[in-house]
Amino acid sequence: ADRPFLEDLDTLPIPRYELLPLERYKVPFIGGRYAFVVTSRGCPAGCRFCIKHVTYQNSFRLRSPEHIMREVERLVELGTDHVHFEADLFTINREQVVGLCDALIDAGTPVRWTCNSRVDFVDQELLHTMARAGCTMIAWGIESGTPEILARARKGIQPERVAETLRWSKAAGIRNYGYFILGLPGETEETIERTIAFSKRLPLDLALFHIAVPYPGTPFWFEALEQGWVRVERWEDFDMYNSCVLNYPNLSAKELQSAARRAAREWSLRPGPIWTFVKELRNLDTLRQWAQIGIRYLGWIAGKA
């Protein structure tokens, strides 16, 4: 049954990381041991497609920088040298982020880290502070290059701000990872082309193109049900990669799947992204990890996986 949200996240214990095979958690493009640290719960944004409408609804709660640092220091003790600060929106509260960055700098903690953010929840000063504290990459929810699609999804951002913020991040020495969603309400063949072209103009080091999924309970889900866009019933089919839940009158599921593969292919098989991947091949272990991912990825964008 529903129950009240836990208000004070600092009452949660530090996870028993010593029970995990931490040496096995590695990610290409990052290197070294890798772990997740959750810094907050919830997000104040109103994106209609987001599962937060079902999970944390309109609430958001923060851990204190001191509590987060206890977890980071424990991971460092166990040999982890890279952390992903996991949150619905890491930069949800500027004071918390600055406090955490100051603590990392003061402690001289030898850890590099990544996070996610929105382009309208950072500024140049904050990005430089994050870089000094060890931030190496930010994953940005960009979704679309068409203002009308963004507005209908209630994303609350404009393409011009996306480009500006990513330039700020790059100037601060932070790499940019862009997430895009093809197939949000209002999508057409023309708007897909605009998003693909937009992705190529941005200073991105990585880009990922999802297929829109109307997760049950979200505003997007209720709209899709009302309009008759949902084509599957099994939860297992709600997959943003290999299948498509949606059939629009003007865009079929097959067309959306093909568009997502083509977008990934057009973005990644260019000299810039290829050179980025080559530079990251530090050793045989990294090469082996990239090869495993690359085989699956190339199969997916070719429509064979």
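Ser117 lies in strand 5, which covers residues 112–117; helices (H or I, at least four residues) and strands (E, at least two) are DSSP runs that are numbered from the N terminus. The model is a predicted one, in which local features need pLDDT of at least 70 and side-chain atom pairs count only at pLDDT 80 or more, while totals for chains, interfaces and linings use all residues. Residues are numbered from 1 along each chain as its sequence is written, and side-chain values use heavy atoms, with hydrogens and water left out.

With a relative accessibility of 4%, Ser117 counts as buried, where buried means under 20% relative accessible area, exposed means over 50%, and partly exposed lies in between (1.4 Å probe, protein chains only). The side chain of Ser117 makes a polar contact of 2.6 Å with the side chain of Thr91. A polar contact is a pair of N or O atoms within 3.5 Å; within protein, one must be able to donate a hydrogen and the other to accept it, and residues adjacent in sequence count only if both atoms are side-chain atoms. Once its neighbours within four places in sequence are set aside, Ser117 is in contact (heavy atoms within 4.5 Å) with residues including Leu89, Val122, Ile138 and Trp140.

Strand 6 is joined to strand 7 (residues 175–182) by six bridges, and the two run parallel. Strand 7 and strand 8 likewise pair in the parallel sense over six bridges. Seven of the eight residues of strand 7 are buried, so this strand is largely enclosed by the rest of the structure. Some of the residue pairs across these strands are listed below.

| Residue | Partner | Strand of the partner |
|---|---|---|
| Met137 | Arg175 | strand 7 |
| Gly178 | Ala207 | strand 8 |

Glu143, in strand 6 (residues 135–143), has a phi near 70 degrees, which is a positive value in a residue other than glycine. Glu143 counts as buried, at 6% relative accessibility. Gln57, which is found in the loop between strand 2 (40–42) and strand 3 (60–62), has a positive phi near 55 degrees, and it too is a residue other than glycine. With a relative accessible area of 42%, Gln57 is partly exposed.

Two packed helices are described by the angle between their axes and the distance between the axes. The axes of helix 3 (residues 124–132) and helix 5 (residues 159–171) come within 9 Å and cross at roughly 35 degrees; axes are lines fitted to C-alpha atoms, for helices over the stretch in contact, and angles run from 0 to 180 degrees between N-to-C directions. The residues that make this contact include Leu127 and His128 of helix 3 and Thr165 and Trp168 of helix 5.

Taken as a whole, the chain has 10 helices and eight strands, and buried residues make up 50% of its 305 residues. Among contacts between residues at least 6 apart in sequence, 73% join residues at least 24 apart.

Conventions. Two strands pair if DSSP finds at least two bridges between them.
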